[in-house]
Amino acid sequence: MDCPVCHNKNISPFATHCLECNADVVAFPLLDDLEHQCIDTLKDKVALEGDITALAQIRESDKKQYSKRMGRMYWCLLLFPLLFFWCAKKPIPRAVVENTDKINLLEKENQQLKADLQAAKDEITILSNRKDTPSQIDPDKDAIIHIVKKGESLSILAEKYLNDKNRWQELHKINPHIENPWVLRKGMEVKIHK
Ligand SMILES: [Zn+2]
C-alpha cells in the first residue's frame with residue numbers, strides 16, 4: 001500500500017496513518033472514490049443537460065410545425081364555407097332549364113304566329129285581288145290583267161307594257177292591292193292600263 005501523499009511504500013496494511021507524513025491513509029482512498037463519483041455525476045449531469053437542450057430544440061421545431069399546421073387548418077376552415085357557398089350559389093340548373101323551355105315554347109309560338117300572319121296576309125291579298133280586279137267586269141275597257149311570273153317586278157311590267165320602266169308608279173296607283181311594288185308574288189294579278 002502506498003501513501004497517497006508522499007508515496008511512501010513502507011506502510012503496513014493495518015496502519016491508519018503514514019509514518020513519514022502522517023497522512024490519513026484510510027480517509028484518502030475514500031476521498032478519491034468520492035471524487036471519482038463526483039466526476040462521474042458531473043459527466044452524467046453534462047450529458048443530461050445536452051439531452052435537455054436537444055429535446056428543447058426538438059420541442060421548438062415541433063411547436064413551429066404545429067403552429068404551421070394550425071394556420072393551414074384555420075385557412076381551410078375559413079375557405080371551406082366560402083367555397084361551399086360559392087359552389088352552392090353558382091349553378092342554378094333548374095331555373096336555367098325552365099327558362100330554356102320557356103324560350104323554346106315562345107319561339108315555337110312566335111313561328112306559329114308568323115305563319116298565321118303570312119296566311120292571313122295571303123288571304124287578304126287574294127280577297128282584295130278578287131274585289132279590286134274582277135278581270136271580266138273591268139270598267140276600264142283598255143286595261144288588261146297580267147298574271148305575274150317569277151322574277152317580275154312593277155318596273156319590268158312598265159317597261160314591257162308602257163315602254164318606260166319609270167312609269168311603275170302609275171301601275172302601283174291602279175293596283176292598290178300591291179303592298180310591296182318591288183317584290184311581286186308569282187300568280188298575282190296586276191292591272192295594266194294602255
Ligand atoms: Zn506519507
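View 1. Leaving aside residues up to four places away in sequence, His 17 touches Asn 22, Ala 23, Asp 24 and Val 25; two residues are in contact here if their C-beta atoms, placed from the backbone, lie within 7 Å. This is a predicted model, in which local features need pLDDT of at least 70, side-chain atom pairs count only at pLDDT 80 or more, and totals for chains, interfaces and linings use all residues. Residues are numbered from 1 along each chain as its sequence is written. His 17 sits in the segment before helix 1; helices (H or I, at least four residues) are DSSP runs, numbered from the N terminus. With 14 other C-beta atoms within 10 Å, His 17 is partly exposed. By definition, a residue is buried if 20 or more other C-beta atoms, placed from the backbone, lie within 10 Å of its own, exposed if 12 or fewer, and partly exposed in between.

View 2. Helix 1 has 63 residues and spans 91 Å from first C-alpha to last, close to the 93 Å expected; the expected span is 1.5 Å times one less than the number of residues. How many of its 63 residues are buried? The count is zero, and helix 1 is hardly covered. The domain assignment gives domain 1 (1–90) and domain 2 (101–192), with bounds that come from an automatic or database assignment. Taken over C-alpha atoms, the centres of domain 1 and domain 2 are 115 Å apart.

**View 3. The largest nonpolar core.** Seven residues make up this core: Leu 154, Leu 157, Ala 158, Leu 171, Ile 178, Leu 184 and Val 190. Helix 3 (residues 154–162) gives the most, with three residues. A nonpolar core is a set of buried Ala, Val, Leu, Ile, Met, Phe, Trp, Tyr and Cys residues joined through C-beta atoms within 7 Å. Not counting residues up to four places away in sequence, Leu 184 touches Val 148, Glu 152, Ser 153, Leu 154 and Ile 178.

View 4. His 7 is not a glycine, yet has a positive phi of about 60 degrees. His 7 lies in the segment before helix 1 (27–89) and is exposed, with 10 other C-beta atoms within 10 Å. Asn 163 also has a positive phi, near 60 degrees, and belongs to the loop between helix 3 and helix 4 (168–174). Is Asn 163 buried or exposed? With 8 other C-beta atoms within 10 Å, Asn 163 is exposed.

Technical notes: Helices (H or I, at least four residues) and strands (E, at least two) are DSSP runs, numbered from the N terminus.
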